[in-house]
Amino acid sequence: MSLLDAVFMGLIQGITEFLPVSSSGHLALFQIAFGLEEVGGLLFDCLLHFGTLIAVFAVYHRDIWKMICEGFAIIGDFFINVGIAVSHLLGHKEKKYRKIIRNGYRKFVMLVIVSTIPTGLIGIAASDLIEALSEILLVPGICLIITAVLLFVADRCKEGSKTPKHVSYTNAFIIGICQGFAILPGISRSGTTITACLISGFDRKFAVKYSFIMSIPAILGSLVLQVFKIEEAAITANQWMYYLAGTAVAAVVGYICIKIMLYVVREKKYTIFSIYCLVVGIVSICAYFIMGSDIL
């Protein structure tokens with residue numbers, strides 16, 4: 001792999017992970033069209049995803065830090081309540097239980113956990129199928145058209161006002177299912193989850209924040225699964241420099257794209273991406289039928 005390959009793949013990852021055009025779909029299309037299946041391997045793929053994680057942490061570091069602190073506080077209060085329950089059973093003087101979900105960030109933590117459960121189950125159950133579908137040009141083409149429809153719908157959703165306090169766990173679970181289906185190559189994860197949030201009545205700014213923060217467990221889970229598949233290989237110092245360059249590009253470009261998405265959702269500019277996905281999807285489907293088995 002050359003430095004140009006690494007930078008190019010980092011650029012594609014950074015752009016398509018956060019803009020609603022499907023990173024998996026575009027990577028699949030580029031790999032099929034240009035024979036890039038072996039570029040970098042699983043290790044480089046993991047590093048690219050790590051780069052996009054850095055972008056999410058950079059944009060939402062204050063929210064994420066508060067959520068981490070409140071997450072540990074939830075665990076602490078849970079065990080304190082367990083201790084109180086035990087003391088009641090032993091006949092000791094009654095103490096009041098602590099209210100565990102008592103602020104917006106604690107509710108945010110619980111919502112993300114609820115969303116992550118169906119995403120993880122779908123991802124584990126369908127991992128082999130998704131890997132096979134990614135090699136067929138027709139699949140990302142069809143899925144990109146589905147993404148185009150979702151984005152078209154997103155721009156036409158009524159203005160919502162829900163923040164963590166008003167979001168139900170049912171909303172979170174359904175959004176998690178939507179994120180699970182977004183592992184299909186060509187279904188945009190951010191486009192799908194933000195659309196699901198908007199349909200559920202989320203405030204537009206919070207819809208973007210929720211979509212990107214809930215991506216952290218999903219990306220981390222994917223990284224863990226990939227790490228176990230990485231085989232030991234001799235990697236030269238130059239290759240490491242290329243890998244790190246690609247990671248840095250993915251992080252910087254991803255940061256910029258998250259900022260762009262905040263503007264896109266607020267100003268209802270999804271239609272531009274909808275048209276793009278529709279065109280790329282149609283071209284992919286036409287290429288599949290014209291070129292046939294030569295390109296899958």
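Reader: Which residues does Y210 touch, not counting residues up to four places away in sequence?

Author: Y210 touches F108, L111, V112, S115, A172, I175, C197 and F202. Contact here means heavy atoms within 4.5 Å.

Reader: What kind of model is this, and how are residues numbered?

Author: This is a predicted model: local features need pLDDT of at least 70, side-chain atom pairs count only at pLDDT 80 or more, and totals for chains, interfaces and linings use all residues. Residues are numbered from 1 along each chain as its sequence is written, and side-chain values use heavy atoms, with hydrogens and water left out.

Reader: Back to the core. Which residues touch the most other members of the largest nonpolar core?

Author: Y60, I194, F202, Y210, I258 and Y270 do, out of 52 residues in that core. A nonpolar core is a set of buried Ala, Val, Leu, Ile, Met, Phe, Trp, Tyr and Cys residues joined through side-chain atoms within 4.5 Å. Buried means under 20% relative accessible area, exposed over 50%, and partly exposed in between, with a 1.4 Å probe and protein chains only.

Reader: Which helix gives the most to this core?

Author: Helix 11, residues 237-266, with eight residues.

Reader: How many helices and strands are there in the protein?

Author: The protein has 12 helices and zero strands. Those are DSSP runs, numbered from the N terminus: helices are H or I with at least four residues, strands E with at least two.

Reader: What share of the residues is buried?

Author: Of the protein's 296 residues, 46% count as buried.

Reader: And contacts between residues at least 6 apart in sequence: what share joins residues at least 24 apart?

Author: That share is 83%.

Reader: Helix packing next. How do the axes of helix 6 and helix 12 cross?

Author: At roughly 160 degrees, coming within 7 Å. Helix 6 spans residues 138-154 and helix 12 spans 270-291. Axes are lines fitted to C-alpha atoms, for helices over the stretch in contact, and angles run from 0 to 180 degrees between N-to-C directions.

Reader: Roughly parallel or roughly antiparallel?

Author: Helix 6 and helix 12 are roughly antiparallel. The cut-offs: under 35 degrees is roughly parallel, over 145 roughly antiparallel, 65 to 115 roughly perpendicular, and the rest oblique.

Reader: Left-handed or right-handed crossing?

Author: Left-handed for helix 6 and helix 12. A crossing is left-handed if the near helix is turned anticlockwise from the far one by less than a right angle, and right-handed if clockwise.

Reader: Which residues of helix 6 and helix 12 meet?

Author: From helix 6, L138, G141, I142, L144, I145, T147, A148, L151, F152 and A154. From helix 12, the list includes Y270, F273, C277, L278, I282 and F289. By class, the contact of helix 6 with helix 12 has 17 nonpolar, five polar and no charged residues. Ala, Val, Leu, Ile, Met, Phe, Trp, Tyr, Cys and Pro count as nonpolar, Asp, Glu, Lys and Arg as charged, and the others, Gly among them, as polar.

Reader: What about helix 1 and helix 11: at what angle do the axes cross?

Author: Roughly 25 degrees, with the axes coming within 7 Å. Helix 1 and helix 11 are therefore roughly parallel to each other. Their crossing is right-handed. The residues there divide into 14 nonpolar, five polar and no charged.

Reader: Now N171. Where is N171, and is N171 buried or exposed?

Author: N171 lies in helix 7, residues 169-181. N171 is buried, at a relative accessible area of 12%. Leaving aside neighbours within four places in sequence, N171 is in contact with K162, S200 and F202.

Reader: Backbone check. Which residue has a positive phi although it is not a glycine?

Author: K268, with a phi of about 55 degrees. K268 sits in the loop between helix 11 and helix 12. K268 is partly exposed, at 34% relative accessible area.

Reader: Last one, P217. Where is P217, and what does P217 contact, leaving aside neighbours within four places in sequence?

Author: P217 is in helix 10, residues 215-227. P217 is in contact with V112 and T116. P217 and V112 are 105 residues apart in sequence and 8.5 Å apart in space, C-alpha to C-alpha. P217 counts as partly exposed, at 28% relative accessibility.
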